[in-house]
Every structure is written in C-alpha cells, then in structure tokens.
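Dear colleague,

Please find the structure below, handed over for your study.

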Amino acid sequence: LLEFIHTFVSSRVSEFFAQEARGLEGITEVTGFVVDELTFVGDAVAPAFPASYYIFDVFVDEYHRSVVENTNTLASGDLDGGSILLLLRWMREYHGAIRKELSIPKDQLRPALLEGREEQLAQEYLEIASGKIREWISNLMRTENESFVSRQDAPNMGEDGLYVTGGSIYLFEIVNQNIELVTEAQRAKLLCDLMVECNKVFQDISKQWRELLEKEKTKQIEAPETAAEGLVDYTMALANEQIRSVVQAETIRDETGERLTRTHQERFRSELSQTMDIFMGVAEAATQTLADIVFSDLRPITSVLFTTEWYQDDLLQPVIETLKDYCQDFHDHLDKYLYRRLMQDLLSRFALSYVDAIAGKVKLLKGKASEKLNLEMHRASKFFKEHMDSAAVSETLNIVRILISLIDSTPAMIFLEFFSVKKQYPDLPLALIEDILSKRDDLEKQQLKTILESLRQKAKGDTGSSLAKQRTLFSKLKNYSPLGNAAKGRFL
C-alpha cells in the first residue's frame with residue numbers, strides 16, 4: 001500500500017510540474033495543487049482507512065517529498081536574480097498555505113524545501129542584484145562624469161526652471177525595480193541587506209562626485225583658460241539632482257517602510273536615511289563649490305581690505321555687482337532649499353573675509369575704518385536682505401560690527417568691551433584682538449603692551465573646553481585659532 005501511494009503521488013506531482021507548472025515560471029501554481037490534493041485526501045481518502053494508519057500524514061509526506069524532489073531539479077542549474085526571488089517568495093507562500101489551509105506547521109514538512117538553501121539563495125540574489133546595480137550605476141556615472149567635464153551644451157532645465165541632469169531618474173530605476181521585487185517576495189531581511197549594498201554604491205558615487213567637483217573647481221580657479229565653460233550651471237544641476245535623489249529615497253523609506261513588520265522597519269528606514277544623507281552630502285559639496293567659485297572672483301577685492309586702496313576707493317560696489325549676477329542665477333536655477341543654504345554660506349564668507357583680513361598688512365585708522373565699515377555693512381545688509389531673512393543677515397554681520405566696536409573703543413574700555421563680546425562669542429580668538437589693537441594707529445607701544453598683558457591674564461582660564469559647547473562664526477576664521485595662541489608673544 002505504501003509503495004503504491006509513493007508511486008502514485010510521485011507520478012501525479014511530476015506530471016503536474018511538467019504539464020501545468022512548466023518550470024519555474026509556474027512554480028507558484030504548485031501550492032494550490034498540493035492544497036487541493038491534500039484537502040481531497042483529508043475529506044475523501046483518509047476516512048476510508050483506520051485511524052491508526054495515519055494515512056493523511058503518509059500522503060502529506062509523499063506529496064511534500066515529491067514537491068521537494070521536483071523543485072530541486074528545477075533549481076539545480078544557475079539561477080538569475082528573478083528566479084531566485086520567485087523561489088524564495090513561493091517557499092514562503094507554500095508553507096503559509098499549508099499551515100493555514102491544512103493546519104500543518106512548517107516543522108512537520110521534511111525534508112526542507114531546496115534542502116535548506118534559503119539563506120544561501122538569498123545571498124546569491126544579493127550578490128547578483130548588487131553586482132547589476134553597481135554595473136548599471138557605474139555606466140550611468142561614466143556618462144554623467146563625461147558630460148559634467150566636457151560641458152558641451154547647457155544643462156537641461158526642468159519645468160520649474162531648475163537645472164537638472166536626469167541622472168536620479170535612471171539611478172533609482174534599477175534600485176526601485178529590485179526593491180519592489182524583494183518586497184513582493186516578502187523578504188524583509190533581504191530588503192535591508194540590499195539597501196546596505198546600495199549605500200555602498202552610493203558612497204562610491206559620492207566620493208567620485210566630490211573628487212570631480214574639487215578637480216573642476218581647481219581648474220576653474222587656477223587655470224580658467226583650460227576649463228570648459230558652464231561649471232557653475234552644471235554644478236547647480238548636480239546639486240539639484242542630488243535633492244531629487246533625496247526625495248526619491250525619502251519616498252521609498254516612507255512608503256516601502258510601511259509595508260514591513262516592525263522588526264525590520266527600523267533598520268530599513270535607517271538605511272534609507274543614510275541614503276538621503278549621502279546624496280545631501282554631495283548637494284552640500286556642490287553648493288560649497290559654488291561659494292568657492294564666487295569668492296575666488298572676489299579675492300582681488302577681499303585681499304585688499306583695510307589697505308590704502310580700500311580707504312581710497314569704493315571696492316564694495318563691484319563686490320555687490322558680482323554677487324548680484326551670481327545670486328540671480330542661483331535664485332532662478334537652484335533648488336530653493338539649497339539656494340537658502342548657499343546664500344547663508346555666501347553671507348558668512350563675506351563677513352568672515354573682513355575679519356580674516358585683519359591678519360594681513362593693514363592699518364586700522366581711527367574713525368576712518370569704522371566709518372567705512374559702517375557704510376559697507378549698511379549696503380551689504382541691504383543687498384543680502386533682498387535674498388534672506390533680515391534677522392539672519394543682522395546676526396551674521398554682527399561679527400563685523402564687533403570689529404567696529406573694538407577699533408573704536410577707548411583704551412580704558414577695551415578690557416570691558418572684549419569680555420562683553422566674549423560672553424556672546426566664547427570662541428572669539430584673543431589673537432584677533434591682539435591684531436586689531438596692534439594695528440590701530442592711535443595706541444602707543446607701552447599702552448598697547450599694558451592692555452595686551454591685562455587681556456592675556458584674564459583669558460588664561462580659557463582652555464577651550466567651553467568652546468566645544470558653543471561654536472560661532474569666529475570658529476570658522478582661517479587666520480585665527482579660537483584658542484587665541486596664534487599671536488601670543490608677538491607684542492611682548
């Protein structure tokens with residue numbers, strides 16, 4: 001009897017695999033077939049046998065064993081990624097249907113489907129998918145890089161007037177395909193692992209873009225005659241494209257994350273948040289490149305602040321005109337969020353250029369310096385407030401107004417002025433104060449020495465530990481350390 005049942009079931013399952021399932025494409029049909037067959041056995045066959053025969057269990061074992069044998073035959077060759085996911089999805093559906101319809105737990109079904117190769121197959125899929133994603137994106141990056149460097153035509157423009165490259169659409173096309181396939185296969189762990197591999201690729205892309213930005217910027221600044229035109233426009237397009245990638249990653253994080261169990265939801269969303277950070281990092285590197293280019297054009301002017309030329313001529317007007325030209329393009333063609341970030345960067349650099357200029361061979365003429373600074377800050381404030389929040393402009397330009405107060409302070413008030421400012425700006429470098437005082441034309445040498453000694457004695461307790469708690473624009477100065485050691489000893 002048992003031999004007959006074995007032969008009968010084996011033949012019936014093999015026939016179904018050959019005629020109905022027809023290979024891996026129809027493997028999902030096997031589940032319904034097995035459930036229907038065993039349901040019939042339970043309803044019509046098993047009652048005809050004594051209970052002690054456990055005949056239903058015999059049929060379950062035979063059907064499952066035959067399914068395993070036929071499945072192993074189908075999966076014995078090389079499988080592509082789609083076939084692996086199909087198998088993994090079907091395995092889960094098969095066990096779920098057997099448990100739900102027939103009350104047979106997975107542990108009762110022996111041997112295991114695919115001989116327990118579930119994790120191995122998942123790893124094989126991960127390698128195949130990540131390899132294809134890397135190859136696809138590498139080809140895309142090659143084309144994008146060539147276009148960015150050659151800049152033969154103006155970048156594409158979206159309906160909103162923003163420059164774009166279109167790369168993000170193609171970038172996420174293959175990523176979304178794999179995410180959707182894995183999600184449909186109900187393999188949450190595999191989905192998280194896939195995003196880990198994607199982030200490795202995205203990190204490589206990020207590194208390539210940063211290196212290319214630095215290379216092209218250096219060429220533009222140091223050897224403009226060798227650089228192709230349009231770097232600013234293409235850099236805006238690159239920055240915008242990174243924001244579009246951030247938006248797509250955010251959509252995947254929120255929409256696909258909702259379809260996962262809580263166990264895997266947190267990890268998946270964490271990986272996608274990292275994806276967003278990677279693309280945002282490139283966008284910020286692009287806007288910093290734009291700011292570097294702008295201030296390289298302004299360097300001939302910012303390098304002569306507080307010199308005789310600055311006192312004699314109106315050097316701010318060409319600065320404002322240059323900024324107007326650039327900022328109009330930024331306003332029209334750069335993502336609004338990045339535009340606001342870039343404007344804040346330009347404003348900060350503008351203010352810092354005045355402070356850093358103190359380190360040069362300059363003279364601070366009593367009355368004249370503060371008068372000219374007040375006039376220029378008024379004009380600069382008016383310009384930046386056309387593009388930014390008024391409070392932010394006033395707060396940033398306040399570091400220049402601090403210069404004015406220190407230039408104008410009477411010898412008796414310098415001590416109080418310095419420590420009053422220090423409360424608001426704990427990272428205010430003492431070296432900067434020493435430079436300001438040493439370059440004032442109204443302080444005698446002995447008077448200067450006394451004031452500096454007094455300031456140093458009072459500042460001895462400032463070890464820098466408090467600076468970690470509050471960093472202001474003064475910490476971004478190029479020519480001064482926040483700890484104030486740079487100028488120590490120069491005027492003793």
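Is Q186 buried, partly exposed or exposed? The model is predicted, and in it Q186 is partly exposed, with a relative accessible area of 42%. Q186 lies in the loop between α6 (167-184) and α7 (188-222). Its phi is near 60°, a positive value in a residue other than glycine.

Although Y54 is not a glycine, its phi is positive, at about 45°. Y54 is found in the loop between α2 and α3 (55-74). With a relative accessible area of 56%, Y54 is exposed, because exposed means over 50%. For context, most residues other than glycine have a negative phi, and most peptide bonds are trans.

A cis peptide bond is present between R110 and P111, with omega at about 0°. P111 belongs to the loop between α4 (81-102) and α5 (118-150).

Next, the packing of two helices. The axes of α1 (residues 2-21) and α2 (residues 29-45) come within 11 Å and cross at roughly 145°. This crossing of α1 and α2 is right-handed. On the α1 side, R12, V13, F16, F17 and A21 take part, and they meet E29, V30, F33 and E37 of α2. By class, this contact has 6 nonpolar and 3 charged residues, and no polar ones.

The largest nonpolar core has 166 residues, and F306, F330 and F350 have the most contacts inside it. Helix α9 (residues 262-302) gives the largest share of this core, 17 residues. Leaving aside residues up to four places away in sequence, F330 touches V232, M236, L290, V294, Y339, L342 and L346.

With kind regards

Technical notes. Residues are numbered from 1 along each chain as its sequence is written. This is a predicted model: local features need pLDDT of at least 70, side-chain atom pairs count only at pLDDT 80 or more; totals for chains, interfaces and linings use all residues. Side-chain values use heavy atoms; hydrogens and water are left out. Axes are lines fitted to C-alpha atoms, for helices over the stretch in contact, and angles run from 0 to 180 degrees between N-to-C directions. Helices (H or I, at least four residues) and strands (E, at least two) are DSSP runs, numbered from the N terminus. A crossing is left-handed if the near helix is turned anticlockwise from the far one by less than a right angle, and right-handed if clockwise. Contact means heavy atoms within 4.5 Å. Ala, Val, Leu, Ile, Met, Phe, Trp, Tyr, Cys and Pro count as nonpolar, Asp, Glu, Lys and Arg as charged, and the others, Gly among them, as polar. A nonpolar core is a set of buried Ala, Val, Leu, Ile, Met, Phe, Trp, Tyr and Cys residues joined through side-chain atoms within 4.5 Å. Buried means under 20% relative accessible area, exposed over 50%, partly exposed in between (1.4 Å probe, protein chains only).
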